[in-house]
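I want to go through its core, its cross-links and its charged pairs.

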Amino acid sequence: MNDVCVPQPPESRSAGDDGPGRRRWILASVAAGALVLVGAAVAVGLVLLDEGGETTSGRVKETGPGIGWAEGITPAWMSGRMGLGIPATAESAQAAYEGTLRFDTGILTFTLTRAEAETYLSEHPPQGKWLEPAEVQTGVPAHDFAHLGLPEPESFTKGIRYGDVCPGRTEPAESPEPSGSPDTPFGMGDGYDTSDGQCVRLYAHEYTPHRTRIYLRAHFDPGISPLPSAPPSPPPTG
């Protein structure tokens, strides 16, 4: 009698058999894990970049000759560069100058009595009119006047007036907007004022009932020359 070959059912997959579906799931998991690792590496790189000094307060740090805060800057020198004098009665005069690859920034500040300040402002009128911020400027890096140990003038909302004073301009400029957009009440973008190249941004802050601090900020083409010579180091003692 002939043997009858009965077809046998395929063997059941063992627990260790992956199968096409499981293999696809594993590949997808591996890919997702790789993306997570790449994202984490990028985040760590950005943190290290910031901690390494490449970025600070929204500004890119640059290196090279003439980059950074210059030494030997006096209020008289800065006043001459801006074309705006310092009253003889001014007190607490300070100045600084920072060079970058994009633009240089000069700052000057001093205090006057309220009456002296009104005279100074009338002698140096703005293009248009004096403006008052509707609200505080947000996101302004504490950078420029913080270098002199002072708050940035954009951080004030009360007792502050500002405008562009243009000593080198012979024709009147168009009047600025009343207070900029809600996010830029001082007419600034990215934390920097956008005043005309011939103009100086002036802020007058009545910080006490009797005194006013004048803040002046101007931008210049990079590589201004010559900067004042740094004062010589005192000879060693002993």
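These entries follow the order in which I looked things up.

**Ground rules**

I am working with a predicted model, where local features need pLDDT of at least 70, side-chain atom pairs count only at pLDDT 80 or more, and totals for chains, interfaces and linings use all residues. I number residues from 1 along each chain as its sequence is written, and side-chain values use heavy atoms, with hydrogens and water left out.

**Core**

I began with the nonpolar core, meaning buried Ala, Val, Leu, Ile, Met, Phe, Trp, Tyr and Cys residues joined through side-chain atoms within 4.5 Å. For burial I use relative accessible area with a 1.4 Å probe and protein chains only: buried is under 20%, exposed is over 50%, and partly exposed is in between. The largest core has 22 residues. Met78, Phe110, Tyr120, Leu202, Ile214 and Leu216 have the most contacts inside it.

Helices (H or I, at least four residues) and strands (E, at least two) are DSSP runs, numbered from the N terminus. S10 gives the largest share, four residues. As background, nonpolar side chains tend to be buried together in soluble globular proteins.

I looked up the contacts of tyrosine 120 (heavy atoms within 4.5 Å), leaving aside neighbours within four places in sequence. The list is Leu84, Gly85, Pro87, Phe110, Leu112, Leu202, Ile214 and Leu216.

In H3, Ala117, Tyr120 and Leu121 are buried. They cover an arc of only 95° around the axis, so they sit on the same side of H3. The arc is taken over the directions from the helix axis to the C-beta atoms. Ala115, Ser122 and Glu123 are exposed, on the face of H3 turned away from its buried side. The buried residues of H3 pack against S5, S6, S9 and S10.

**Disulfide**

My search of the whole structure for disulfides (cysteine sulfur atoms within 2.5 Å) returned one. It joins cysteine 166 to cysteine 199, with S to S at 1.7 Å. The torsion about the S-S bond is about 95°, so this disulfide is right-handed.

Where do the two cysteines sit? Cysteine 166 is in the loop between strand S6 (160-165) and strand S7 (188-189). Cysteine 199 is in the loop between strand S8 (192-193) and S9, and the two are 33 residues apart. Cysteine 166 is buried at 7% relative accessibility, and cysteine 199 is buried at 4%.

**Ala218**

Alanine 218 lies in strand S10. At 3% relative accessibility, alanine 218 is buried. Beyond four places in sequence, its contacts are Met82, Asp104, Thr105, Gly106, Cys199 and Val200. I also checked alanine 218 against aspartate 104, 114 residues apart along the chain: their C-alpha atoms are 8.4 Å apart.

**Salt bridges**

How many salt bridges does a search of the whole structure find? It finds eight. I count a side-chain nitrogen of Lys or Arg within 4 Å of a carboxyl oxygen of Asp or Glu.

- Arginine 114 and glutamate 206 meet at 3.2 Å, N to O. Arginine 114 is in helix H3, glutamate 206 in the loop between S9 and S10, 92 residues apart. Arginine 114 is partly exposed at 28%, and glutamate 206 is partly exposed at 25%.
- Glutamate 154 and arginine 217 meet at 2.9 Å, N to O. Glutamate 154 is in the loop between H3 and S6, arginine 217 in strand S10, 63 residues apart. Both are buried.
- Arginine 201 pairs with aspartate 164, the closest N and O atoms being 2.5 Å apart. Arginine 201 lies in S9 and aspartate 164 in S6, so the pair ties together parts 37 residues apart in sequence. Arginine 201 is buried at 5%, and aspartate 164 is buried at 15%.

I also noted a network of salt bridges that links Arg114, Glu118, Arg161 and Glu206.

**Backbone**

Serine 92 has a positive phi of about 55°, although it is not a glycine. Most residues other than glycine have a negative phi. Serine 92 is in strand S4 and is partly exposed at 44% relative accessible area.
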